[in-house]
Structures are given as structure tokens and as C-alpha cells.
Amino acid sequence: MKLKLADRLQNSIHGANPEKLFQAFKLNMPEKIINFATNTNIIKPENFPEIDLQKLSSSYPDPDCNELREIFFRCKDIPPENILFTNGVNEAIFLLARILGNNTAILQPNYPEYRHAFPNALDIYSIYESGAYSNVIISNPNNPTGKFRASLYDFVRRKFPNVTFIIDESYIDFLPEIPQVRRAKNVILLRSFTKIFPLSGVRIGYVIANPEIIAAMKKFQPYWSVNAVAQELAKKFLLDEDFLRRTKYFYAKTVPEFRKSLQELGLKISNSDTHFFLLILPNNYDDLEIMQRLLKLGLIVRHTRNFEGLYADEKYFRIATRFPDENILLCDALRKILV
């Protein structure tokens with residue numbers, strides 16, 4: 001059976017694999033592309049950490065990531081028994097699915113991968129619906145809107161103490177300041193190294209939770225799950241405070257400029273606290289047609305057709321901020337297409 005474009009897009013996932021997106025549209029991929037669809041950090045370290053790749057590649061990694069856990073304890077005051085390093089946040093999601101069981105809800109819109117790990121989870125659209133479930137999954141900052149709610153942690157601790165909340169904080173390092181929140185026994189935090197650091201290819205993330213949750217997840221985690229290269233690079237980047245300062249400075253300056261340029265075109269964008277946001281398309285425009293025209297120019301935006309809870313009355317693109325000259329190219333293209 002021949003798949004329609006919308007169905008092929010579901011299989012293309014998103015812009016992290018741009019070649020799949022061009023295949024879905026049956027377009028040849030140009031030599032130069034500018035990818036606004038992936039929301040990883042575009043700032044690169046001035047000097048990429050030097051590691052002994054041959055030694056690390058030929059030795060088994062520490063299955064408990066002990067050195068990394070000790071660095072976290074010194075730098076972030078997180079006790080070793082409260083942290084579990086994983087093969088990216090995706091592994092953490094599937095480990096949690098093994099130990100938490102059923103009666104889970106996903107607060108939408110949210111990262112689509114949760115549906116794969118929790119196929120029987122129900123969708124909710126308000127935090128106040130949480131009391132009917134044993135587990136509730138939230139992203140904060142939200143993916144795809146970019147909105148961060150600092151009051152969320154104290155609220156769920158007080159309002160729903162018997163519900164376990166999985167709060168995905170993969171993009172929290174992009175906030176201008178990371179608020180200090182009170183840890184609660186019913187909250188499991190997920191964080192990523194692959195968004196803020198250039199480590200997407202080696203895969204590493206971590207879980208912060210009470211020791212009972214960490215121990216239960218560890219029982220199902222494959223041995224040597226986090227490879228030695230990922231562990232060593234994570235240790236190096238954790239101690240590179242200059243890299244984080246440069247990242248925050250860049251986005252603090254560039255994001256408002258980019259948002260302003262889009263708004264000057266008459267476009268609506270989501271109220272975001274991070275470097276990415278939703279662009280809300282005018283009702284009379286076809287999102288797939290616009291996306292195709294942008295792809296022909298080598299400009300990739302993130303379709304949102306596999307985000308639950310977005311396609312009621314409006315159509316969206318998720319857009320991540322890039323370098324100023326690249327942001328201008330996207331604005332110019334949208335001006336010609338939409339205005």
C-alpha cells in the first residue's frame with residue numbers, strides 16, 4: 001500500500017535525521033542544509049576534550065559510572081545513591097516503564113517517545129487530572145513549547161504526594177538560570193547530556209530519584225550500558241564551566257532577536273523559556289506545503305504531527321534558534337512564503 005505524505009512523516013521522526021525527512025517528501029537532499037528542527041546546542045567547545053580513544057575503546061567501561069557519580073556529588077551536590085547514568089534519556093524512559101507498571105498518564109503535548117515506552121498510557125491535558133493515576137509524565141521545559149514552570153515541583157509534592165511524577169528536564173541547561181528546587185520522594189528527574197553538550201552520538205543521560213527507584217532501575221539496566229567514551233567525555237564537559245557560560249551568553253542574546261524577527265512578520269510563537277519554540281501558522285496555510293518549500297531551500301523545521309494535543313485548531317512548526325545569519329535566512333524565506 002502506498003503511504004501518504006502525512007504517514008511517511010510519522011516514520012521520519014524529526015529533523016535529527018534530516019535524510020529521512022527528505023526521503024519522506026521524495027526530495028533530493030541539497031549539499032548544504034540549515035537544521036532548525038533539532039534543538040541540541042549549536043555552540044561548540046573551543047577545544048574539544050582530549051581523550052585516549054584507543055584505550056577507552058578497548059577497555060570495558062565502569063558499569064556503575066562511579067567516577068562520574070562522584071563528580072556529580074562534588075559539583076551538583078547529588079548523592080551517588082540518588083543518580084543513575086543511562087544510555088541517553090531514552091533508555092531511562094524504557095527502564096522506568098519496566099518498574100512503574102500500568103496506570104500511567106502523559107501530560108500532553110510531550111516528547112513522542114514516551115508513547116513507545118508506555119504504549120498503554122493515557123493522555124491528559126491538565127496537571128489537575130494527575131490524581132487519577134499512579135504515574136504522570138511531564139516535560140519541563142516542555143517539549144515542544146519550551147515553557148518552563150518553576151512552581152511545578154512544589155505543587156506536585158504538596159497536591160499529589162501519592163502520584164509518581166516523571167519530569168523530563170532534558171533542556172533545563174538552556175535556561176538562563178537553573179532554579180534550585182526541593183527534591184521530593186514522588187518526583188523522578190530525567191536529564192540529558194546530549195542536548196547541551198555535543199554528545200548525541202555517544203548517548204548519555206541520567207536519572208535523579210530516591211535510592212529505591214534507582215536500585216529498581218539498575219536491576220533492569222544492561223551491564224555496561226553507558227560506554228567508556230561517553231563517561232569520559234561527560235566528566236570533561238561537566239568541569240568546563242566556560243563552555244556553559246558561552247552557551248548561555250549566546251542564546252540570551254540571539255533568542256530574543258530571532259523571536260522578534262519572526263513576530264515582525266506577523267507570526268505567533270509560543271511563550272518559551274528556552275532556545276526553541278512553536279511557530280503557529282496562519283489557519284489558511286498548509287504546514288506540509290510550507291515545509292516542502294523550505295526543504296527545497298535547504299531549511300529544515302520540525303513538523304509537530306506526532307505531538308499529541310497540538311492539532312486542534314492550529315498548525316505548528318517547532319523551531320530552534322541558530323546563528324544570526326541562519327535565522328535571517330529562515331525569516332526571509334517565511335516572509336516570501338507567508339506574507
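Aromatic ring pairs number 25 in this predicted model, where rings of Phe, Tyr and Trp (its six-membered ring) pair if their centres lie within 6.5 Å, with planes under 30 degrees apart counted as stacked, over 60 as edge-to-face and the rest as tilted. Because the model is predicted, local features need pLDDT of at least 70 and side-chain atom pairs count only at pLDDT 80 or more, whereas totals for chains, interfaces and linings use all residues. Residues are numbered from 1 along each chain as its sequence is written, and side-chain values use heavy atoms, with hydrogens and water left out.

Two of the ring pairs share Phe 237.

| Ring pair | Centre to centre | Angle between planes | Class |
|---|---|---|---|
| Phe 197 and Phe 237 | 5.1 Å | 25 degrees | stacked |
| Phe 237 and Phe 243 | 5.7 Å | 55 degrees | tilted |

Helices (H or I, at least four residues) and strands (E, at least two) are DSSP runs, numbered from the N terminus. Phe 197 is buried at a relative accessible area of 6%, and Phe 237 is buried at 0%; buried means under 20% relative accessible area, exposed over 50%, and partly exposed in between (1.4 Å probe, protein chains only). Phe 243 is buried as well.

**Helix α4**

Lys 76 lies over the face of Phe 72, at 5.8 Å from the ring centre. Arg 259 is placed over the face of Phe 277, at 5.3 Å from the ring centre. For such an arrangement, NZ of Lys or CZ of Arg must be within 6 Å of the ring centre and within 35 degrees of the ring normal. Asp 77, which follows α4, has a positive phi near 60 degrees.

**Strand β7**

In strand β7 (residues 187–192), six of six residues are buried. Val 187, Leu 189 and Arg 191 point one way from the strand, and Ile 188, Leu 190 and Ser 192 the other way. β7 pairs in the parallel sense with β6 (residues 164–168) over four bridges, and Asp 168 stands opposite Leu 190. With β8, the pairing of β7 is antiparallel, again over four bridges, and Arg 191 stands opposite Tyr 206. Two strands pair if DSSP finds at least two bridges between them.

**Whole chain**

The protein chain contains twelve helices and 13 strands. Its radius of gyration is 20 Å, close to the 20 Å that the globule rule gives for 339 residues, so the chain is as compact as a globular protein of that length. The radius is taken over C-alpha atoms, and the rule is 2.2 Å times the number of residues to the power 0.38. Of the 339 residues, 52% count as buried.
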